[in-house]
Amino acid sequence: MPISALPGPYGIGTMGASARRFIDFLKKAGQTYWQILPIGPTGFGDSPYQSFCSFAGNPYYIDLDDLKEQGLLKKTEYAQEDWGKDETKTDYGLLYQKRFKVLRKAVKRLYKKYPDEVNDFVHKNAFWLDDYALFMAEKDDHEGRSYLEWEDPIRTRDEKTLLKETERLKDDVAFWKGVQYLFFDQMKKMRTYAHDAGVLLIGDIPIYVSPDSSDIWGRPDLFQLDDTLHPKEVAGCPPDGFSADGQLWGNPLYNWKAMKKDDYAWWTQRISYQFSLVDVLRIDHFRGFESYYAIPYGDKTARNGRWKKGPGISFFRKVEKKLGHMNIIAEDLGFLTPEVIKMVKDTGYPGMKVLEFAFDLRDTGSDYLPYKYDHNCVVYCGTHDNETVNGWMKSAPKDFIKAATEYMHLDQKEGYHWGFIRTAYESVSDLAVIQCQDLLGLDNSARFNVPSTTGNNWVWRAEEGALDDALAEKLHHLCHLYGRLPRGADDPDVSVETD
């Protein structure tokens, strides 16, 4: 359940009352994990996987009512605004136009009311926040254009120029730092509320960073760039049975040789920072650490790409040597070679199993069939990149649907989605994660993302009241039936414990 998809009155889901109500629902339903998408500020296409900074938080998730309770906003400053006519869809354009005007008022009061707390946060986070705040201030000053279109002394980070720019744009720089204080203050409060309810957070870390980000602007040496700071090659996926042209993501690739020299310090910092906010971390496109697909910069498709070796298992051993054992989920979907499979196994991290992938009769050796699972995996009906279960049941090939119906004893009267959920729960997988849309039995109008497309992605939101007590009770019963309740959850008077 992405934070953005939570119900609420102000255009997008937030970390305030709607998040607390959702956590209350999870507790009633016997759930012990809440998986969210990446929490960074969204850039091109509103995708959480294309963020302006891999350390920053999304300003849109800051709850306005909670700011009012802190004395940082007045209700009249935001409640009467038009945040969109459809509360089941996020209008990112509208948010971009209006949200920051409201947040500027809150940040102005923040510096007056909590100066010591803000200054302490700014000092502790200077390693990423200084670059990010100046990057966003410059972006506003350049009318949103990519940093590659800025004047050379700024684009190439001339030291004297940056000092002058920091002074010239000091008010905007301070604003962006204040916004991040507000985000992380609410994020940590939300996590504490979840822990008190016995719920752990599963975060998500994109393997790549956005081509227009403070990460690349601040540390161009860590990426495969030419003398003009443009990528030499970019990321994507090769052509396959689903896409004749492959997937052209366009993200700059890492300079793994440079990163290896300091034992992957940037990555270690990035992962460590995420674990200060969440309890488990799903790493997207995990196979890219073994080998990655490199496409010539400027190509219009992924056809001309080639595979190149990544850092492999040594990367994870170096990082774990610094951070200790990490609760990581390996997103090991897609084209997997024996080398990738071995790397995942050697890390010891659980991989992912997707039930919607299990019934392709052309792949008789499918590892997604539940009888082939071992305990160390995470099973999903589908992910944010897939159709909803009920959408899949309408669009999949007839022989796939026939096989799924027979295998899972699907019943249209009960709802196909409940058959999928039951199958996930009764599997031996240590963890089962269900999309909220599937829990609600929605069709593809509620699909969250169609990869390699732009337009109607990342916008779905749950209706207010859809996650009710009756649904919580049904889910709780299934958890009890298949031994997935946390200790003490059978007795509502006993607090939930988690390992």
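Two strands are taken to pair if DSSP finds at least two bridges between them. Strands (E, at least two residues) and helices (H or I, at least four) are DSSP runs, numbered from the N terminus. The model is predicted: local features need pLDDT of at least 70, side-chain atom pairs count only at pLDDT 80 or more, and totals for chains, interfaces and linings use all residues. Residues are numbered from 1 along each chain as its sequence is written, and side-chain values use heavy atoms, with hydrogens and water left out.

Three strands form an open sheet with parallel pairing, in the order 9-10-11. Strand 9 (351-354) and strand 11 (431-433) are its edge strands, and each pairs on one side only. Neighbouring strands of this sheet are turned by 25° against each other on average, direction ignored. Such angles are taken between axes, which are lines fitted to C-alpha atoms (for helices over the stretch in contact), and run from 0 to 180 degrees between N-to-C directions. Four bridges join strand 9 to strand 10 (residues 377-380) in the parallel sense. Within this pairing, Lys 353 stands opposite Val 379 of strand 10.

Strand 1 and strand 2 (residues 200-205) run parallel and are joined by three bridges. Tyr 33 stands opposite Leu 200 in strand 2.

Aromatic contacts were also counted. A pair of aromatic rings is described by the distance of the centres and the angle of the planes. Rings of Phe, Tyr and Trp (its six-membered ring) pair if their centres lie within 6.5 Å; planes under 30 degrees apart count as stacked, over 60 as edge-to-face and the rest as tilted. By this rule there are 55 aromatic pairs. The ring centres of Tyr 10 and Tyr 78 lie 5.3 Å apart with planes at 80°, so this pair is edge-to-face. The pair links distant parts of the chain, 68 residues apart: Tyr 10 lies in the segment before helix 1 (17-28), and Tyr 78 in the loop between helix 2 (64-69) and helix 3 (92-113). Buried means under 20% relative accessible area, exposed over 50%, and partly exposed in between (1.4 Å probe, protein chains only). Tyr 10 counts as buried at 8%. Tyr 78 is buried at 0%.

Trp 150 and Trp 217 have ring centres 5.7 Å apart and planes at 75°, so they too are edge-to-face. Trp 150 lies in the loop between helix 5 (126-141) and helix 6 (152-155), and Trp 217 in helix 9 (residues 214-218), so the pair ties together parts 67 residues apart in sequence. Trp 150 is buried at 3% relative accessibility. Trp 217 is buried at 1%.

Charges also sit over rings (NZ of Lys or CZ of Arg within 6 Å of the ring centre and within 35 degrees of the ring normal). Arg 99 lies over the face of Trp 83, 4.8 Å from the ring centre. The charged end of Arg 270 sits over the ring of Trp 267, 4.8 Å from its centre. Arg 270 is also among the residues nearest the centre of the largest cavity, with Ser 51, Cys 53, Ser 54 and Pro 206.

Conventions:
1 Å grid on protein atoms, 1.4 Å probe; cavity = no way out; pocket = protein on both sides within 12 Å on 5 of 7 lines; lining within 4 Å.
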